There are 2 protein chains.
Amino acid sequence: MASQTISRRSSALCDVHVVHEDAVHGALRDQPDTESLTYLADTFQVLANPTRLQIVQALAGRELCVCDLAAVVDSSQSAVSHHLRQLRQMRIVRYRKEGRMAYYRLDDEHIAALVRIGLDHVCE
Amino acid sequence: MASQTISRRSSALCDVHVVHEDAVHGALRDQPDTESLTYLADTFQVLANPTRLQIVQALAGRELCVCDLAAVVDSSQSAVSHHLRQLRQMRIVRYRKEGRMAYYRLDDEHIAALVRIGLDHVCE
DNA sequence: CTCATATATGAATACCTGTTCATATGTGGA
DNA sequence: TCCACATATGAACAGGTATTCATATATGAG
C-alpha cells in the first residue's frame, strides 16, 4: 500500500495563474483532509484489479474459503492469498477461521455498493 | 489504460481443490463478464490517486478550468492535464471548450456517489 | 501576421504492482 | 509423532504508472 501522498507545496496559488478565484476557493473548502484522500486512493487501488474484483463479486453473495476463491477466479492459491491480504489491509474483506480453513466475506455493505455503482457507470 | 485482463485458463476447477462446490458454482454464475470487470478495474485505477481524487472532489460542486484545477490541487499544468486525460478516457469527467479555456465537470452522478461511498467506508 | 496564453501530449526516468516460486505456519488425522 | 492439507508470506522479475521537461496545438489580442 503506497499511494503517493499529496505534496502541498508552499507555492500553492502562485506558479499557476488562477482564473476564477471564487471557484478555486470553493473547491479548496470542499476538499476532504489529505489523510482520507490518500486512504481512499489506496482503497480504489486495491479494487483496481480484475482478479480482486472477481473475488469481491464472488464474496458479494456468500462466504468462501481460499481454495474455493482460487477456483472461482482461476488463479493459484498463492496469488489469491496475496490478493486477500491487500483486500484485508484495506478492510474490504474480513474472515473467520474454522479449523484450518479461512472463510472470507465482504467487510461491509459499502463495498458491494461501490462495485454495483461502478458497474452501473461502466454499463451506462 | 492497461489493466491486465483475466486469464481464464482451461484448467479452471482442476489445479486447486474445490471444497464447496455449490458455493463455487453460485459465485461463478454471479460473475459479470470479463470485459465489464476489466473496464471497472481501469476505472478504479484512475480513481486510485490522491491528486485525481482531489480533482474529482473539486469538480463535484462546480465546473473548473485547467489552470484553476492546477491551483486547487497544487500541481503543474502539465501534470493536471495528464490526469484529466485519464479521467476523460474513463468517462469520469467531461469538458466543454470556451475560447481557449476548457471547463471540466464530472461526467455523471455515479462518480460523485463512488467518492462519497468510498469516503463513508474510509471514515467508518 | 505575430505574440501571449490555455491546454495537450510524447518521451524518459524513478517508482510501484502482480505473479510465481519456494517455503513457512498452523491444524487435524492416523 | 508424523504427514497431509489450507493458508500465508518473502523475494524476485516483468511490466505498468506519475511526474517532469520539452514542445505542439489552438485561440484571441493587437
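Predicted model: local features only at pLDDT ≥ 70, side-chain atom pairs only at ≥ 80, totals over all residues.
**Figure 1. Chain A from end to end.** Chain A is built from 6 helices and 3 strands. Walk along its sequence and the pattern reads α-α-α-β-α-α-β-β-α. Of its 124 residues, 52% count as buried. As for how the chain comes back on itself, take the contacts in chain A between residues at least 6 apart in sequence: 52% of them join residues at least 24 apart.

**Figure 2. Helix α5 of chain A and its buried side.** This helix takes in residues 77–89, 13 residues in total, and runs 18 Å from its first C-alpha to its last, close to the 18 Å expected at 1.5 Å a residue. Its buried residues are V80(A), H83(A), L84(A) and L87(A). They span an arc of only 105 degrees around the axis, so they sit on the same side of α5(A). What do they pack against?

Figure 3. Look in the loop between α4 and α5 of chain A for D74(A). Its phi is near 55 degrees, a positive value in a residue other than glycine. Is D74(A) buried or exposed? With a relative accessibility of 2%, D74(A) counts as buried, because the cut-off for that is under 20%.

**Figure 4. R91(A), after α5.** R91(A) follows α5(A) and sits in the loop between α5 and β2 of chain A. Here's another positive phi, about 55 degrees, in a residue that is not a glycine. R91(A) has a relative accessible area of 26%, so it is partly exposed. Which residues does R91(A) touch, setting aside neighbours within four places in sequence? In chain A the contacts are Y39(A), D107(A) and I111(A), and from chain B come H121(B), V122(B) and E124(B). As for I111(A), it is 20 residues from R91(A) in sequence, with 9.4 Å between the two C-alpha atoms.

**Figure 5. Helices crossing between the chains.** Two packed helices are described by the angle between their axes and the distance between the axes. Here the pair is α6 (residues 109–123) of chain A and α2 (residues 34–47) of chain B, with axes that come within 10 Å and cross at roughly 105 degrees. The two helices, α6(A) and α2(B), are therefore roughly perpendicular to each other. On the α6(A) side, the contact is made by L114(A), V115(A), G118(A), L119(A), H121(A), V122(A) and C123(A). Facing them from α2(B) are S36(B), Y39(B), L40(B), T43(B) and F44(B).

Key: Residues numbered from 1 in each chain as written. Chains lettered and ligands numbered in written order. Heavy atoms only, no water. Helix = DSSP H or I, 4+ residues; strand = E, 2+ residues; numbered from the N terminus. Expected span 1.5 Å × (residues − 1). Buried < 20%, exposed > 50% of the residue type's maximum accessible area, 1.4 Å probe, protein only. Arc of directions from axis to C-beta. Axes fitted to C-alpha atoms, helices over the stretch in contact; angles between N-to-C directions. Parallel < 35°, antiparallel > 145°, perpendicular 65-115°, else oblique. Contact = heavy atoms within 4.5 Å.
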